[in-house]
Amino acid sequence: MKIDLTDTTAGEINKALIEGRRAIGTPAVGMVLTLVIVTDEENAYDALRAASDASREHPSRTLVVIRRVSRTPRDRTTSRLDAEVRVGAEAGTGETVILRLYGEVSDHADSVVLPLLLPDAPVVVWWPVNAPAAPAEDPLGALAQRRVTDTYAAEQPVRELAARAETYTPGDTDLAWTRITPWRSMLAAALDQVDCEVRSVEVEGEEFNPSCELLAMWLADRLGVPVRRSLSSGPGLTAVRMETTCGPVVLDRADGALANLSIKGQPGRAVALQRRDTAELIAEELRRLDPDDTYAAALRYGVERLSMGADAVATLGGTPEQAAQDELAAEVAVAESEAGTEEGEAERPTPNSLARKAASK
């Protein structure tokens, strides 16, 4: 059942939801959460279709917020709210309300969404595109327990990861991280089969794919070894190669569907690593509403530490500050040894004097 409302209010939308449920014979509300999708007109159809598929696993009230662009100054000062209410077969296993905001009301979407949230139910906000710089500080994001973004849709995905790390708040997550869940599970299971120490890792994948960087940061953070990022033609992630004391462990997926896991001393085996669609990714994120500490640790490891290369990070997973201190200590040691071999030197250089000298350059 579909109900169209023009120039309406949140109260009228709630009334239409109740009437729709009664019309189809299900007056009770059996939904477990509210999913708020903030998108534009271009991407609304795909996002709504993914949410509808995910609602089979998580029955929810889906609120789609679309801010319409005002073409004239008069339109920008005129507020209007249009809504499309879908219940029954039109909305999968839940309810769907498509909200189109015009004029000044588009700057106050939270005041429109707040009366439509299910009482005493978790709230998840998803930005398929154009996510705010700080999701938790966004008025709509502040209403939610979980905030889902997708850095793959950004113009500069890798730089977007660095911005996400700076503004991370417990409850934030990203579909680029969700995409690598099967890879993380498979790599962890592979390392459980060998009693070896990992020395280095190479993550191979297409350029401008933030999932590759996230997987590399997760491995570097968990294993404490240098991780090299290499490029391929894709699709997506194509291979992870780990050098261990027992030989190489390689997980290679060239076609985006079937991967080959090879461990030295064991026969190679084929494993399913099918690239998943957005509906599966959203369904996975809706299974857990608590903060993802593993994602936070990987994100905070930092993309810049991957780009520094093995020389800067390899030593016990050291930080750039530790590397600078080690370099200064080495310079001090060399200066002291030279001073000790030269007779007639009145004073040997100290770490503090060398540090002042370096700072003055």
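Glu 41 is partly exposed, at a relative accessible area of 35%. In this predicted model, its side chain meets that of Arg 100 in a salt bridge, 3.0 Å from N to O. Glu 41 belongs to helix α2 (residues 41-54) and Arg 100 to strand β5, so the pair ties together parts 59 residues apart in sequence. Salt bridges with shared partners link Lys 2, Glu 41, Arg 68, Glu 84, Arg 86 and Arg 100 into one network.

Strand β5 leads on to the sheet. Eight strands make up this open sheet, in the order β1-β4-β5-β3-β2-β6-β7-β8, with mixed pairing. The edges are held by β1 (2-5) and β8 (172-174); each has a single partner strand, so one side of each lacks a neighbour in the sheet. From one strand to the next, the twist averages 15 degrees. Strands of a sheet pair through backbone hydrogen bonds, either parallel or antiparallel. Strands β4 (residues 80-87) and β5 (residues 95-102) run antiparallel, joined by eight bridges. Ala 83 has Leu 99 of β5 as its bridge partner.

Back to the charged side chains. The count of salt bridges is 21. One of them joins Arg 56 to Asp 53, with the closest N and O atoms 3.0 Å apart. Arg 56 is exposed, at 60% relative accessibility. Asp 53 is partly exposed, with a relative accessible area of 32%.

Another salt bridge brings together the side chains of Arg 229 and Glu 213, at 2.9 Å from N to O. Arg 229 sits in strand β10 (residues 227-232) and Glu 213 in helix α8 (residues 210-223), so this pair ties together parts 16 residues apart in sequence. Glu 213 counts as buried, because its relative accessibility is 10% and the cut-off is under 20%.

Note on methods: Residues numbered from 1 in each chain as written. Predicted model: local features only at pLDDT ≥ 70, side-chain atom pairs only at ≥ 80, totals over all residues. Heavy atoms only, no water. Pairing = 2+ DSSP bridges. Helix = DSSP H or I, 4+ residues; strand = E, 2+ residues; numbered from the N terminus. Axes fitted to C-alpha atoms, helices over the stretch in contact; angles between N-to-C directions. Salt bridge = Lys/Arg side-chain N within 4 Å of Asp/Glu carboxyl O. Buried < 20%, exposed > 50% of the residue type's maximum accessible area, 1.4 Å probe, protein only.
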